[in-house]
Amino acid sequence: MKTGFCRWLRRQWRMTSTPPPATHAIAERTRTVDIVVYPGFKAMEAIGPMSVFEYANLHLVRRRPPGYDVRIASYRLGPVPSDTLMSLEATKVLNTLSLPHSAIVVGARHIEAALADGAAIVDWVAAACPRIERLASLCSGAFFLAAAGVLDGKRATTHWSVAERLQAFHPAIAVEADAIFIRDGKLWTSAGVTAGMDLALALVEEDFGRDLALEVATEMVVYLKRPGGQSQFSSYLKSERTARPNIRELQNWILDNLHERFTTAQLAARAMMSERHFARVFQQEVGLSAQEFIEASRFERATHLLADIALPLKTVAARACFSDEAHMRRVFMKKLGITPKLYRERFATTGLDSAA
């Protein structure tokens, strides 16, 4: 009687108890990520995404096992010097036998030298791409993917300062120089340095949902999706970059007289050129038409005023030399997809009166 009761009790326990999760179920939720580095890599580009994945793990552990297993990978084990005083310890040698779920190739300040010494990385990218779940590059790391041929026929981005070079060397790639990051199938590319964190947050969102990505972004005090493109952070408006002295002088004169309303004919006359020749030369030298340069200059001035000075929006529009506040609003919507007021709320310095 006693033996029969024990059997019945064990049977009831098995029926009502919740079994522990299977090991393979945990593995399915874990994403292995290899951060691919090499001598001279940009330290910030490796540390930024690593921090995003680590914060994601800290939030995930409250609900389930960690979601990311991040490793530093290179073509040899041991410390790998970066572009700073810091080195990272490579604990994994790149190979095609144990591919991660995702791999992220970081960029370098001197990408030509890195490519010359990094043939093993190019070969690994070419061999791994067909079988890996996700392959990403940060900043000039896109040159490794391009050299391997995996970006041909794809959309991609890189740091704005080397975007033209990437397009010239690899014309089969559709380079979008102003994007923060781009996804084309399994391939992800990003702009420079901090844009690697934008891309990493997007990976977290794809893997574990928007709520987790937003928690990570909030804790790291960054935006989950930053507005606008690279041009708002680049210094392409600096006239010193223009080779022709007459165009450079004209740019400086425009910047000093943004309150004026110029026609292309007036600018051409000031540059002592025919209107048609002026339009062609200005576009070649600056990368913008004269009217686009004027608009971009007013826009840049407005962003500085919005970020640093607690001025009413009408005053900002006037000081930035827009015709009125509505004109400024249209330009911000065109360039960033947000209003000047929202730009101020997102980028203003501490203590700014956001009610303005």
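Let me begin with Glu176 and Arg155, whose side chains meet in a salt bridge at 2.7 Å, N to O, a salt bridge being a side-chain nitrogen of Lys or Arg within 4 Å of a carboxyl oxygen of Asp or Glu. This pair links distant parts of the chain, 21 residues apart, with Glu176 in the loop between strand S9 (174–175) and strand S10 (181–184) and Arg155 in strand S8 (residues 155–156); helices (H or I, at least four residues) and strands (E, at least two) are DSSP runs, numbered from the N terminus.

What we are looking at is a predicted model, in which local features need pLDDT of at least 70 and side-chain atom pairs count only at pLDDT 80 or more, while totals for chains, interfaces and linings use all residues. Residues are numbered from 1 along each chain as its sequence is written, and side-chain values use heavy atoms, with hydrogens and water left out.

Glu176 is partly exposed at 30% relative accessible area, as is Arg155 at 37%, where buried means under 20%, exposed over 50%, and partly exposed in between (1.4 Å probe, protein chains only).

A second salt bridge joins the side chains of Glu206 and Arg183 at 2.4 Å, N to O. Because Glu206 lies in helix H8 (residues 195–208) and Arg183 in strand S10, the pair ties together parts that are 23 residues apart in sequence. Salt bridges that share partners join Arg31, Arg134, Arg183, Glu206 and Asp207 into one network, and the count for the model comes to 12 salt bridges.

As for disulfides, meaning pairs of cysteine sulfur atoms within 2.5 Å, a search of the whole structure finds 0.
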